[in-house]
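Hi,

Here is the model I promised to pass on.

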Amino acid sequence: MELESLYDLLQLPKGVEPPAEEMLSQGGKKRYLPPTSRKDPKFEELQKVLMEWINTTLLPEHIVVRSLEEDMFDGLILHHLFQRLAALKLEAEDIALTAASQKHKLTVVLEAVNRSLQLEERQAKWSVETIFNKDLLSTLHLLVALAKRFQPNLSLPTNVQVEVITIESTKSGLKSEKSVEQLTEYSTDKDQPPKDVFDELFKLAPEKVNAVKEAIVNFVNQKLDRLGLSVQNLDTQFADGVILLLLIGQLEGFFLHLKEFYLTPNSPAEMLHNVTLALELLKDEGLLSCPVSPEDIVNKDAKSTLRVLYGLFCKHTQKAHRDSTPRGALN
């Protein structure tokens, strides 16, 4: 294959070397995702949903995934994730520092995963080698399978498919082949889980967002009044986690010792600690209907902040309504 045509096929920018024949053993294959596939909106959304799900699941262990491609290969996060999802303990060392020990750990985890999914090794769309070599497609197939098994109500984007280029080393040189990789199934609207209310609100009725914010701010200020606190800007005042923790304590009857959180956080790490603790408390109380990333709250993402406050708002406005309804009154 001509070098120039290989550049065009892989859509490589100038200065980035295409795979050399000596990098692949005879008969060896390697898969590549061209930039157009990586930038596909549904492909990016799938990664975002899976990362938020993992981070929410691992909140109690203060583990944060920032890249599915870079953070999953050594088996550490997969180990913790699978143990939490399956509620079992795997016989694998917690910290593996060498490549050999990381591969061994990954092998133990994937064998347990395949048993849980009732898959033989040849049926799985992943392997120790592909995950360890940071093959993003294999990692996504694995995480999608885990989500479908342990979190079937997780709203994954449907019909995610990307174009993949496979380069094979043959006697006559490098050979390429294009194919389409299907990552999630096609579903009809009838089969779709309920859509997130705030995704729909921001998309279909953005003019109503401010009205919702105002209602939630009024609710929050009523509850914080006895503490001498008030909120004017919902988008920014919850970013450090302090007011959120005080609000949760006030509504849910928690006493939070000052040693457990930073009352005046001075860094993003301290803010992240506060928000992570708050989300952990909400998750324990069953008040997180959708995965929320603590980084999104710290980064003042309005939609994520609304999601968190909406669970508290619904629970306690409904409780107030029930308490004020006379016994025997018709609904």
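A residue counts as buried under 20% relative accessible area, exposed over 50% and partly exposed in between, using a 1.4 Å probe and protein chains only. On that basis 44% of the 331 residues of the protein are buried. Keep in mind that this is a predicted model: local features need pLDDT of at least 70, side-chain atom pairs count only at pLDDT 80 or more, and totals for chains, interfaces and linings use all residues. Residues are numbered from 1 along each chain as its sequence is written, and side-chain values use heavy atoms, with hydrogens and water left out.

The protein has 15 helices and three strands; helices (H or I, at least four residues) and strands (E, at least two) are DSSP runs, numbered from the N terminus. As for contacts, meaning heavy atoms within 4.5 Å, those with a separation of 6 or more in the protein come to 61% from residues 24 or more positions apart.

**The sheet**

The three strands make an open sheet in the order β1-β2-β3, and the pairing is antiparallel. At the edges sit β1 (29–32) and β3 (173–182), each of which pairs on one side only. Neighbouring strands are turned by 25° against each other on average, direction ignored. Axes here are lines fitted to C-alpha atoms, for helices over the stretch in contact, and angles run from 0 to 180 degrees between N-to-C directions.

Two strands pair if DSSP finds at least two bridges between them. There are four bridges between β1 and β2, and Y32 stands opposite I165 in β2. Strand β2 (residues 161–170) pairs with β3 over ten bridges, and a hairpin of two residues joins β2 to β3.

Helix α8 (residues 136–150) lies across β1, β2 and β3, and runs at about 25° to β3. Leaving out residues up to four places away in sequence, S138 touches R31, K125, W126, T130 and I131.

Most residues other than glycine have a negative phi. K134, in the loop between α7 (128–132) and α8, has a positive phi near 60°. N159, in the loop between α8 and β2, also has a positive phi, near 55°. What is the exposure of K134? K134 is partly exposed, with a relative accessible area of 30%, and N159 is partly exposed too, at 28%.

**Helix α3**

Helix α3 (residues 41–57) has 17 residues and spans 24 Å from its first C-alpha to its last, close to the 24 Å expected at 1.5 Å a residue; the expected span is 1.5 Å times one less than the number of residues. Twelve of the 17 residues of α3 are buried, so the helix is largely enclosed by the rest of the structure. Among them are F43, L46, V49, L50, W53 and I54, along with the polar Q47 and N55.

At the start of α3, a side-chain oxygen of D40 comes within 3.0 Å of the backbone nitrogen of K42. T57, also in α3, has a polar side-chain atom 2.8 Å from the backbone oxygen of W53. T57 is buried at 10% relative accessible area and touches L81, R84, L85 and K283, not counting residues up to four places away in sequence.

**The α5 and α6 pair**

Helix α5 (residues 76–86) packs against helix α6 (residues 99–116) at about 35°, with the axes 9 Å apart. The crossing is left-handed, meaning that the near helix is turned anticlockwise from the far one by less than a right angle, whereas clockwise would be right-handed. L76, L78, H79 and F82 of α5 meet K105, L106, V109, A112, V113 and S116 of α6.

**One last residue**

A302 is in helix α15 (residues 302–324) and is buried, at 13% relative accessibility. Its C-alpha is 9.3 Å from that of K213, a residue 89 positions away along the chain.

Cheers

Methods: Polar contact = N/O pair within 3.5 Å; in protein donor to acceptor, adjacent residues only side chain to side chain.
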